[in-house]
Amino acid sequence: MSAVTQRFDQFVKRHNGPRPADQEAMLKIIGADSLEQLIDETVPENIRMDGELNLPEGMSEYYFLQHLKKIAGKNDVYRSFIGTGYYGTITPSVILRNVFQNPGWYTQYTPYQAEIAQGRLEGLLNYQTMVSDLTSLPIANASLLDEGTAAAEAMTMFFAQRNKRNKGEVINEILVSDQVFPQTIDVLRTRAEPLEIEIKVLPVTEFKFDKDKTFACLLQYPAADGQVADYRQVAERAKEAGAFVIAAADLLALTLITPPGEWGADAAVGNTQRFGVPMGYGGPHAAYFACKEDFKRQIPGRIIGVSQDRHGNRALRMALQTREQHIRRDKATSNICTAQALLANMAGFYAVYHGAEGLTAIATRITRMTTLMAAALVDAGYEISHRNFFDTINVKLRKQDRELIRVRALDHKINLFYHSDGIRISLDETVSHVDLRALARIFRVSEYMTNMLEGDAEDVSIDEIIPAELKRESEFLTHPNFSRYRTETEMMRYLKRLENKDLSLTHSMIPLGSCTMKLNAATQLLPVSWPEFSNLHPFCPVEQAAGYRHIFLNLERDLAEITGFTACSLQPNSGAAGEYAGLMTIRAYHRDRLEAHRNIALIPESAHGTNPASAVMAGMKVVVVKSDELGNIDIDDLKAKAEENSENLAALMITYPSTYGVFEEGVVKICQTVHDNGGLVYMDGANMNAQVGLTSPGLIGADVCHLNLHKTFAIPHGGGGPGMGPICVNDKLAPFLPTHPLVSTGGEKGTRAVASAPWGSASILLISYAYIKMLGSKGLTDATKIAILNANYIKDRIKDSYDILYTGENNRSAHELIIDLRPLKAVIGAEDLAKRLIDYGFHAPTLSWPVAGTVMVEPTESENKEELDRFCDALLSIREEVDMVARGEMDEKDNVLYNAPHTLAEITTDEWNHSYSRSQAAYPLPYLREGYKFWPSTGRVDNAYGDRNLVCTCPPIEEYM
């Protein structure tokens, strides 16, 4: 583009932090004459790209929004009464504006630092309480990815539980109702196959429990065809055979019908999408998982629990973290890492806003509308499958009649669910009399509907629709949080109070290593709320989603170009799901070549904790590869283990740059060694932010990689989700990309689905699409270079005060660095540094991973020199505080490090009994008095107390007093 006509407002100038003059000053500090010299000294020459990425120039934000509006216009937003797990919903504007569209909520990270996360922790505790109350099960987690994977997690949890002490043959049969949603069954089959779990799909009336074979059953409640059935006897028969009962339950229906915990279910799973979260063509939405207390140490995902801080005050935290895959690795019960925290908070706030009476009223209205529709159809002579339902009726029809109705429905811009036995109609809270009249016209029952609507439609009784024995009698949502905030003013202030307790990117940089907390630009996020994208049902006819298909095809092509591969699947809806999907393509490839025996996965000891967990889930056995003293993969050990297992080698899992923040020089040789021994190479894309435009997984020699779009490609972390983990593959693996049972996608020999929706959390793919289009080829590469510059600047500013654990051959870091605190352990540990950084206004780096006793820092390209300097000044000031303790100038127990963080309440108390001043505690550096101070809402949280006294629902109001 001519310099004369090029717009000034190019996005790259808004995205990258350091300005040209700052870059020059930073390069002087690190001893490089130019940015290109730094990159040459950091990235090995043998893996550097020739030329630039084959991508268009970047668009300005203004032109991008115009461009995307045209694409949005290609989507036809019909009224969708398809159901099958996805429903129209009304997002209260106070939640949409103050949570979903608010960077104070969506730019936060997973609440590992509880002292600066009490707001979203309370939001998630509300969510857990909502789930626990509605299901009548005492333990609920803080969300999972979608209903299908939640059901699969329940299946594998109970499979492990049933066989834990079993010394005979493996008990591996699960009975699945044929009325479970088809996408859930497909995800179950995907997860079951590598673990040799046998799935039997059949009518519930044909369930036969065998105590020597059956470990669990899965029921849909209400059923896919709408029936509300009594499953008490099924649960009793399961118990007699020692089998566990899983209910995939609709939470809104549970306001009216008996909850699973009261009729014998051991666990309940499902989707909270209809609690105010738009369909978004498949997501993101928060799945839920609740269970009996017996399984609190096996339940997958994260649990928010109640504990206390060092002052004895109530405080919230993530409980039972020792269950996580980062610690248990190949012994983990799940590979779940990212969940759906932002959407869980939205769903929880929906319940807070409406309360028990509001949710019951919404559910009752839906059932009344469904009753009206059913009555009109029956009066006109149609046959419906069941007379007991909540929101769905199944109309039995011959094929030719189905087709006639399909044509009429499309003429009315209405989508229904068509199947071999008829048509399903699922209503929701958005349905109106206008919709009922339109449906009546489609089925030619207008006269019957008119008579009903002109009568006492509002007084339609649902007493006969939900049988007395299945009516809910127990109370729910009795905690005051669910009755206090009924006006918008009250709700707005509640949300703001919670937001103000949490540190986010609106306050300061979040330097978490391996997390890439970069800018989540407003222009990238705005379109996610546009109705053309947010109101599409994932199973609507594909021709209605032409705009989305344009986005998908372009994004797949761009990601393939960036990774050096040829094909892409956008289905995996988290990084861990991407790992699993990538390994499953490798598994399918070997099986297609009649080499099913290849089941060994080589994994470096430095690998992300989800890697070994994912490998085990994919039916592989883990062999650990050593690292050398420089943090690189020990090539001799790798070669020996590859050759030793050459007959059975399936894959190597490698992160590049390594989790130690280093570009390993021998990576090409490593990949070739694996290929020479019959294996394929999976590359974890966690550190892709150091590769884009400079090198690529394909160039390095990998066969498949997953990408964390919530890291490198700017999807916000949302306080612990959503995320997306698409996989890119080479030609040999392209045929095995995951498919879907309801929508055509994936490879011709593809694996079954790895997520409930065909393109995962489709609506947030818009964010990464925008990121790539606005940065363009050069902008993407420049962002990578600046990320590397920022990391090396921090390294060289603090290197005289802290040991930097690993660097490359030219003493350069990649995009992150590890600070070794072990030499200071007599005075300070990693947790002490983390808590003291809060007093300086910063979130901590990643603690004690990948090396115990260290912290890992990743600044990203979005932070400017001024912010980097504040962070470095804070680290250097803390080092001086450590030295003061070591020199005896500060008490070795009563000091600013051990007592950190300091709350405003503590600083302003009438009595001050510490050996240091209030100013030393709260304002150790001048910048903190200039508007950069963040006050934690609680003192240091007692983690052990919370685990010993596990409470994961809102406590009684008396405990707040």
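Start with strand β3 (residues 173-177): 5 of its 5 residues are buried, so β3 is largely enclosed by the rest of the structure. Here buried means under 20% relative accessible area, exposed over 50%, and partly exposed in between, with a 1.4 Å probe and protein chains only. This is a predicted model, in which local features need pLDDT of at least 70 and side-chain atom pairs count only at pLDDT 80 or more, while totals for chains, interfaces and linings use all residues. Residues are numbered from 1 along each chain as its sequence is written, and side-chain values use heavy atoms, with hydrogens and water left out.

**Overall build**

- The protein holds 31 helices and 26 strands; helices (H or I, at least four residues) and strands (E, at least two) are DSSP runs, numbered from the N terminus.
- For 961 residues, a compact globule would have a radius of gyration near 30 Å, and the 28 Å of this protein agrees with that. The radius is taken over C-alpha atoms, and the globule rule is 2.2 Å times the number of residues to the power 0.38.
- Along the principal axes, the C-alpha atoms fill a box of roughly 85 × 75 × 70 Å.
- Of the 961 residues, 65% count as buried.
- Take the contacts (heavy atoms within 4.5 Å) between residues at least 6 apart in sequence: 77% of them join residues at least 24 apart.

**Surface and charge**

- The protein exposes about 33600 Å², with carbon and sulfur atoms supplying 47% of it. Accessible areas come from the Shrake-Rupley method with a 1.4 Å probe, and for residues only the protein chains shown count as cover.
- There are 96 positive and 122 negative charges, and their mean positions are 2 Å apart. Lys and Arg count as positive and Asp and Glu as negative, whereas His and the chain ends are not counted. Each charge is placed at NZ of Lys, CZ of Arg, CG of Asp or CD of Glu.

**Strand β3 and its partner**

- Both faces of β3 are covered: E173, L175 and S177 on one side are buried, as are I174 and V176 on the other.
- β3 pairs with strand β4 (residues 198-202) in the parallel sense over 5 bridges. Two strands pair if DSSP finds at least two bridges between them.
- Within this pairing, S177 has L202 of β4 as its bridge partner.

**An open antiparallel sheet**

- Four strands form an open sheet in the order β23-β24-β26-β25, with antiparallel pairing. Its edge strands are β23 (803-804) and β25 (846-847), each of which pairs on one side only.
- β23 and β24 (residues 817-820) are joined in the antiparallel sense over 2 bridges, and I804 has I819 in β24 as its bridge partner.

**The loop between β25 and β26**

- S848 sits in this loop and has a positive phi of about 50 degrees although it is not a glycine. At 36% relative accessibility, S848 counts as partly exposed.
- P850 is in the loop between β25 and β26 (854-857) too, and a cis peptide bond with omega of about 5 degrees joins W849 and P850.

**Other backbone features**

- A cis peptide bond also joins Y656 and P657, here with omega of about -15 degrees. P657 belongs to the loop between β19 (649-655) and α24 (667-676).
- T516, in the loop between α17 (488-500) and α18 (522-525), is not a glycine but has a positive phi of about 50 degrees. T516 counts as buried, at 1% relative accessibility.

**A buried helix residue: I562**

- I562 is part of helix α20 (residues 546-563) and is buried, with a relative accessible area of 0%.
- Leaving out residues up to four places away in sequence, I562 touches L53, L55, M688, V692, T695, S696, F713, I772 and L780.
- I562 and L124 are 438 residues apart along the chain, and their C-alpha atoms are separated by 36 Å.

**Two exposed loop residues**

- R398 lies in the loop between β12 (392-396) and α14 (399-411) and counts as exposed at 54% relative accessibility. Its C-alpha atom is separated by 8.4 Å from that of S420, 22 residues apart along the chain.
- E748 is found in the loop between β22 (727-729) and α26 (765-798), where it is exposed with a relative accessible area of 69%.
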